[in-house]
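Please keep the sequence and the structure in view while reading.

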Amino acid sequence: MRPVVALALASASLLALGALPGAGPELPERLADTGGGSQLITAVADSTDATAGTLDWWDLRDGHWTRAGSAPARFGANGLVEGTARKQGTDTTPTGLYDLPFAFGVEAPPAGTRFAYRPVGPESWWCEDNASRSYNRWTDPRPADCRAAESEQLATFPTQYAHALVVGFNYDRPVRGRGAGIFLHVNGRAATAGCVSVPADAMRRVLQWADPARAPHIAIGTTGGPTAITRY
């Protein structure tokens with residue numbers, strides 16, 4: 001192939017990916033809302049049927065968003081669904097823009113972690129019982145009105161919950177039946193039950209990067225359609 005032709009084709013490919021200067025604004029600049037802070041995590045899948053995609057984390061500096069890191073991501077075993085329409089037990093990841101209330105883990109926090117970090121102990125549970133007053137809350141120990149069969153004992157997932165960030169889906173004013181226990185955590189064996197997961201090294205890097213003083217949020221969505229990430 002002649003060098004000029006090769007260069008033209010390479011340039012066209014880079015333009016399609018938005019990798020050349022002037023090719024277009026970065027993803028956070030195309031979102032309807034980024035949460036008002038200067039850090040953002042984006043988790044994007046190609047479609048609502050997808051169980052895999054990409055997680056990027058971004059910094060806002062001097063009015064421009066720049067990518068701080070990237071990793072392959074996994075989503076719910078049944079794909080993604082609009083967060084306001086999600087139903088508990090459907091193994092779907094809720095799309096939308098969410099805050100990140102706190103971090104937790106079976107293992108000690110990575111060096112440099114600034115988020116409030118709760119260590120997982122043998123009696124640490126995430127209550128997912130719709131009938132409980134502790135619905136969609138960390139409890140330690142599990143209260144009497146929160147059934148174990150309807151909740152997660154966090155220590156029983158030492159791989160996935162080695163390190164995690166709570167995603168603020170249905171968290172501030174929980175709607176019963178919409179879903180509980182949505183986290184950004186370490187990969188397990190396959191797709192998730194509704195969380196977003198990444199490789200262990202990526203999860204450590206996210207925790208070392210995230211600064212609560214900069215109000216980081218996570219935006220979850222698809223590349224297009226009604227659940228397009230740019231809507232949030």
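**Cysteines and nonpolar cores**

Cysteine 195 is buried, with a relative accessible area of 5%; buried denotes under 20% relative accessible area, with a 1.4 Å probe and protein chains only.

The model is predicted: local features need pLDDT of at least 70, side-chain atom pairs count only at pLDDT 80 or more, and totals for chains, interfaces and linings use all residues. Residues are numbered from 1 along each chain as its sequence is written, and side-chain values use heavy atoms, leaving out hydrogens and water.

Cysteine 127 belongs to strand 8 (residues 125-127), whereas cysteine 146, 19 residues away, lies in the loop between strand 9 (137-139) and strand 10 (152-153); strands are DSSP runs of E with at least two residues, and helices are runs of H or I with at least four, numbered from the N terminus. Both cysteine 127 and cysteine 146 are buried.

The largest nonpolar core contains 32 residues; such a core is a set of buried Ala, Val, Leu, Ile, Met, Phe, Trp, Tyr and Cys residues joined through side-chain atoms within 4.5 Å. Helix 3 gives the most to this core, namely five residues. Apart from it lies another core of 14 residues, including Phe104 and Trp126.

How values were computed:
Buried < 20%, exposed > 50% of the residue type's maximum accessible area, 1.4 Å probe, protein only.
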